[in-house]
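User: I would like a close look at one part of this protein, followed by an account of how the rest of the chain is arranged around it. Please take it step by step and keep to what the model shows.

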Amino acid sequence: MSKKAWGIMFLCAMLVLATGCAAGGNQGGGENEGGFSAGLVTDTGGINDESFNETAWAGMKKAKKELDADIKYLESKRDDDYNPNLTKFSREKRNIVWGVGFKFNKAIPEIAKQFPDQKFGIVDDNLGGKIPDNVVSVTFKEEEGSFLMGVIAGSMTKTDKVGFIGGITSPLIKKFEYGFRAGVKAANPKAKVTVAYAESFKDVAKGRSLAANMYNDGTDIIFHAAGGVGKGLFDEVKTREKGKYWAIGVDMDQSGLAPDHTLSSLVKRVDVAVFDIMKDMKENDKFPGGKEVELGLKEDAVVPAKTTSKHVPENVMKKVDEYKQKIVDGEIKVPSTEKEFKKYKG
Amino acid sequence: METMQRRLRESPVITSVVSVLLGMLVGAIMMIAAGYNPIQAYQALFMSAFLMPYDIGETIRTISPLILTGLAVGLAFRTGLFNIGVEGQFIIGQLAAVIVALKMDLPPVLHAVVAVLAGALGGALWAFLPGLLKATRGVHEVITTIMMNFIALYLANTLVRNWLSQGADSTETIPESASLRWDLLSQAFGNSRIHFGIFIALATALFMYYLLWKTTLGFELRAVGLNPHASEYAGMSVKRNLIMSMMISGLFAGLGGASELLGTSGYLAIHGSHTGIGFDGIAVALLGANSPLGIVFAAVLFGVLTYGGPVMQFEANVPTEVIRVVFAAIIFFVAANVVRWMMSKFGNKAVKKSD
């Protein structure tokens, strides 16, 4: 055997030694006796995405405080990480394991089949209607909240040009787009909506360049539904004239990113949804397995951020409330797809 | 004694092993500085990869594509080419494999074989162009292959969006007949996603060894890598060997992409950026000193680190990013050949003392 080979054997032996010495480390754990425990797996956006992963984690933290739950999260770096991450929590037999984001729509059914006794939750996807009995799917009527953002943008634009930046083209983000377009149309039929997709949820630079192009083109208000990409929008709007250029955030109140340039944010109460389901599980032992829990304006799950009134004048706020009431009453059916939008009269 | 020492000093194995240790030391220092316990973290890291059959299976799954992309980079290196395009060739391999898997209707086994071959062919063709440009026009392969990476990425995204799915962000899951997974194997490893890719990878490593050291073509490839002018003078066609080297390198990368798609994910999703498996191949080849056996071991190490990273976060609360720092530090120590410098310092002293 050559020297090279011996050396490599040595490397190998060293690795085995290193692992061998480590034997006896504590494993598993995480379960507090009789208590409630939950795990959360983020999609590739990460836990601090200032978007739905972070909001979902806020719901978990609330569960820790109010339900005394043992909580933990795992971040996914690649799509391939979803399966092992879900498996890790399932092996710990946590009461519920959450997969946040529609990207989990292939991993959750697969792991749910492998762990029939483990309960799972998926946010933002209904698994095409085929939800296993040990999975609950939480979806939102994003189009309803986006409609209100459209009303704000349509009423406040001075150039009659507003913009929309989407993440990866998908039925989910299309719900935002068409809801927003419908809202703009309702409030200001003259206004033109420019739409761009970043085809990413984390490319901040792309978000910034898309936003810069739109603003340079005369657009004065941009709404985004693009996860981390949206940070680029705020980076860009901050550098521009106050009171003239605006951004509208998504998922959580993003006004902190650019306090003087943020008109509003569409807050998606992923935290409330996640918390409510866990509360029901702990206190009433109820789990809506196999069902899709769909939340909209009626449930106050897709609402304008509290800080909206800071820059939006009262007459517009009133208009928003009127439209909200109409949607809750069913007078307006907000379109969520291209087809529905074409039929929509405004 | 002195010759022994010199041999040791020049051995790439020592360089690699010491670099790994130094890299992990840098990681440990970082953890201490940030207030984490490095011993606990490394324990979690290495334990996790072998904790249960499932973990072993998933670790092997992580290792398989790294071996193939590492071999791809290593082979091109042998001919003096720096193929940064492994990432793109990997994507094309995935793309070709998913097209065959979804669009063709073939019996089991044959379907998978055809899909794997299509992926390999796709990767080889994708690498042909940079090879051709290098050989005929002298265009530096680093530039062309980097650009080809982006073409591959966005080509795949566009095709997934407009042709392979109805406007969704990923394709359908491939049919069972094209899958590289085998139920018995998966069950033996606790229902993990281990698949035949590992056997493809190991066979490819053997093939690379045979090609480089047992065939005329391999001899020529290495000769061109060592000295193209001398090779030319000796009557070898440098152009032909450059193109061949790129194509075989692309073939390995394509195999990696195909086996990863057919075995691990089973679908192709739209990616905002590169997966990084191809780029990790560069690190693997570097650490493995471009030898097939070295690359296999380097891939094992990187695979364990990659799979164990999230667990380290899970068990010891150390951020996963630390693992990337360890990666980078290892590469740094290998590339800068810090070890050799250290050895020459210590080695000389030792020799003087013994005099």
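This is a predicted model: local features need pLDDT of at least 70, side-chain atom pairs count only at pLDDT 80 or more; totals for chains, interfaces and linings use all residues.

Which residues of α3(A) are buried?

Analyst: The buried residues of helix α3(A) are Y82(A), N83(A), P84(A), N85(A), L86(A), T87(A), K88(A) and F89(A). The helix itself runs over residues 82-91 of chain A and is mostly covered, eight of its 10 residues being buried. Within chain A, the buried residues of α3(A) pack against the strands β1 (37-41), β2 (70-74) and β3 (96-100) and against helix α4 (107-114). Chain B also takes part in this packing, through its helices α4 (53-78) and α14 (292-316). Just after α3(A), the backbone at K93(A) adopts a positive phi of about 55°.

Chain A is split into domain 1, made up of 37-140 + 270-295, and domain 2, made up of 142-267 + 313-343. Taken over C-alpha atoms, the centres of domain 1 of chain A and domain 2 of chain A stand 28 Å apart. Contact between these two domains of chain A is made by 11 residues of domain 1 and 11 residues of domain 2. On the domain 1 side of that contact, helix α2(A), residues 52-67, gives the most, with three residues. The residues of this side of domain 1 of chain A divide into three nonpolar, four polar and four charged.

F275(A) sits in helix α9(A), residues 270-284, and its contacts, leaving aside neighbours within four places in sequence, are with G59(A), K62(A) and A63(A). F275(A) has 22 other C-beta atoms within 10 Å; as the cut-off for burial is 20 or more, F275(A) is therefore buried. Its separation from A187(A) is of another kind: the C-alpha atoms of F275(A) and A187(A), 88 residues apart along the chain, are separated by 35 Å.

Strand β6(A) runs parallel to β7(A) and is joined to it by six bridges, in which V193(A) of β7(A) is the bridge partner of V162(A). Strand β6(A), residues 161-166, is also parallel to β8(A), residues 221-225, with five bridges between them. Here V162(A) stands opposite I221(A), while F164(A) has F223(A) as its bridge partner in β8(A). Beyond this, β8(A) runs parallel to β9(A), with three bridges joining them, and I221(A) stands opposite W246(A) in β9(A).

Strand β8(A) is mostly covered, with five of its five residues buried. Both faces of β8(A) are covered: I221(A), F223(A) and A225(A) lie buried on one side, and I222(A) and H224(A) lie buried on the other.

Of the 346 residues of chain A, 55% count as buried. Among contacts in chain A between residues at least 6 apart in sequence, 71% join residues at least 24 apart. An unreviewed UniProt entry annotates residues 40-337 of chain A as "domain: ABC transporter substrate-binding protein PnrA-like". That span, residues 40-337, is 40% helix and 20% strand, and its end C-alpha atoms lie 30 Å apart.

How values were computed: Residues are numbered from 1 along each chain as its sequence is written. Chains are lettered from A and ligands numbered from 1 in the order in which they are written. Domain bounds come from an automatic or database domain assignment. Two residues are in contact if their C-beta atoms, placed from the backbone, lie within 7 Å. Helices (H or I, at least four residues) and strands (E, at least two) are DSSP runs, numbered from the N terminus. Ala, Val, Leu, Ile, Met, Phe, Trp, Tyr, Cys and Pro count as nonpolar, Asp, Glu, Lys and Arg as charged, and the others, Gly among them, as polar. UniProt positions are given in the numbering used here, feature names are shortened, and annotations may be inferred rather than shown by experiment. Two strands pair if DSSP finds at least two bridges between them. A residue is buried if 20 or more other C-beta atoms lie within 10 Å of its own, exposed if 12 or fewer, and partly exposed in between; C-beta atoms are placed from the backbone.
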